[in-house]
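Here are my notes on the model you sent over.

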Amino acid sequence: MMMNPLYVAIDTVDVAKARALVAGLRDLVGGIKLGLEFFVANGPQGVEAVAAGVPLFLDLKFHDIPNTVAGAMAAVAPLAPRLTTIHASGGREMMKMAVDTVREAAAKAGHPPPKVLAISVLTSLDQQGVEAVGIRGSILEQVERLARLGLEAGIDGMVCSPHEVRALREATDGKMTLVVPGIRPAWAEVGDQKRVMTPKEALEQGADILVIGRPITGADNPVLAATRIAQEIGF
């Protein structure tokens, strides 16, 4: 049976609220995502309090010199996330050290190693936005360039816009797990995301994991919203 591809982004720094959300949603989703804002506010103890017994995507998007990122990844390993993130734009050496270090640290901690995902181009950026930070060429060209670099470094997967999924499948010969934010059901507000797609459309493009936050956590009834999305994608 196919695993539920839906991960819900817990968009709150309140541990009690986060625990209540997870308690209501854990049987409807494949896992939860906790991000940098939550981690800075609550630390590893907060992560453990919220994510105990639930598949965890710890989305911290590390981006620094290789030794610093390696050290951060070693510190993440005892939390036993299923997935974690670094920025591909940190370069090949940074990505390789991150992968090697977290695998070694997870083995020492007695946990399966997390899949290390590389961030390509943030889904809040459109073409004008990437040009403003000095990237030349299209967003897709940049994403494919970073994906190939990630493959060389041993990265397990990429975080990408749903609009890049099909091209990335081809560019990486299907060797990467593709995790896709920027997912908005047809009935939800787009918010600050620029490159979006519905859950069903993204899966049809070839996405492995869908990350959905505010359409669920911001709904009047998060359980009902998650149920509706799960039904739309056949879970």
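1. Let's start inside. The largest nonpolar core has 60 residues, and Ile 32, Leu 34 and Ile 86 touch the most other members. Helix H4 (residues 92-109) gives the most to this core, namely seven residues. A nonpolar core here is a set of buried Ala, Val, Leu, Ile, Met, Phe, Trp, Tyr and Cys residues joined through side-chain atoms within 4.5 Å. Buried means under 20% relative accessible area, exposed means over 50%, and partly exposed lies in between (1.4 Å probe, protein chains only).

2. A word on the source: this is a predicted model, in which local features need pLDDT of at least 70 and side-chain atom pairs count only at pLDDT 80 or more, while totals for chains, interfaces and linings use all residues. Residues are numbered from 1 along each chain as its sequence is written, and side-chain values use heavy atoms, with hydrogens and water left out.

3. Which residues does Leu 34 contact, leaving aside its neighbours within four places in sequence? They are Ile 10, Val 47, Val 50, Leu 56, Phe 57, Leu 58 and Asp 59, where contact means heavy atoms within 4.5 Å. There is also a second, separate core of ten residues, and Ala 9, Ile 119, Val 179 and Val 211 are among them.

4. Next, please look at the barrel. Eight strands form a closed barrel in the order E1-E2-E3-E4-E5-E6-E7-E8, with parallel pairing. On average, neighbouring strands of this sheet are turned by 25 degrees against each other, direction ignored. Strands (E, at least two residues) and helices (H or I, at least four) are DSSP runs, numbered from the N terminus. Two strands pair if DSSP finds at least two bridges between them.

5. Strand E1 (residues 6-9) pairs with strand E8 (residues 209-212) in the parallel sense over three bridges, and Val 8 stands opposite Ile 212 in E8. Helix H2 (residues 36-51) packs on the sheet, where it touches strand E2 (31-35) and E3. The direction of H2 makes about 145 degrees with that of E2; axes are lines fitted to C-alpha atoms, for helices over the stretch in contact, and angles run from 0 to 180 degrees between N-to-C directions.

6. Pro 66, Val 69, Ala 70, Met 73 and Val 76 are buried in H3. They cover an arc of only 115 degrees around the axis, so they are on the same side of H3; the arc is that of the directions from the helix axis to the C-beta atoms. Asn 67 and Ala 75, on the other side of H3, are exposed. The buried residues of H3 pack against strand E3 (56-62), strand E4 (83-87), H4 and strand E5 (115-119).

7. Finally, the charged pairs. There are eight salt bridges, counted when a side-chain nitrogen of Lys or Arg is within 4 Å of a carboxyl oxygen of Asp or Glu. Lys 61 and Asp 59 meet at 2.6 Å, N to O; Lys 61 is partly exposed at 31% relative accessible area, whereas Asp 59 is buried at 7%. Lys 33, Asp 59 and Lys 61 are linked in a network of salt bridges.

8. Glu 152 and Arg 92 form another salt bridge, at 3.8 Å, N to O. Glu 152 lies in helix H6 (residues 139-153) and Arg 92 in helix H4, so the pair ties together parts that are 60 residues apart in sequence.
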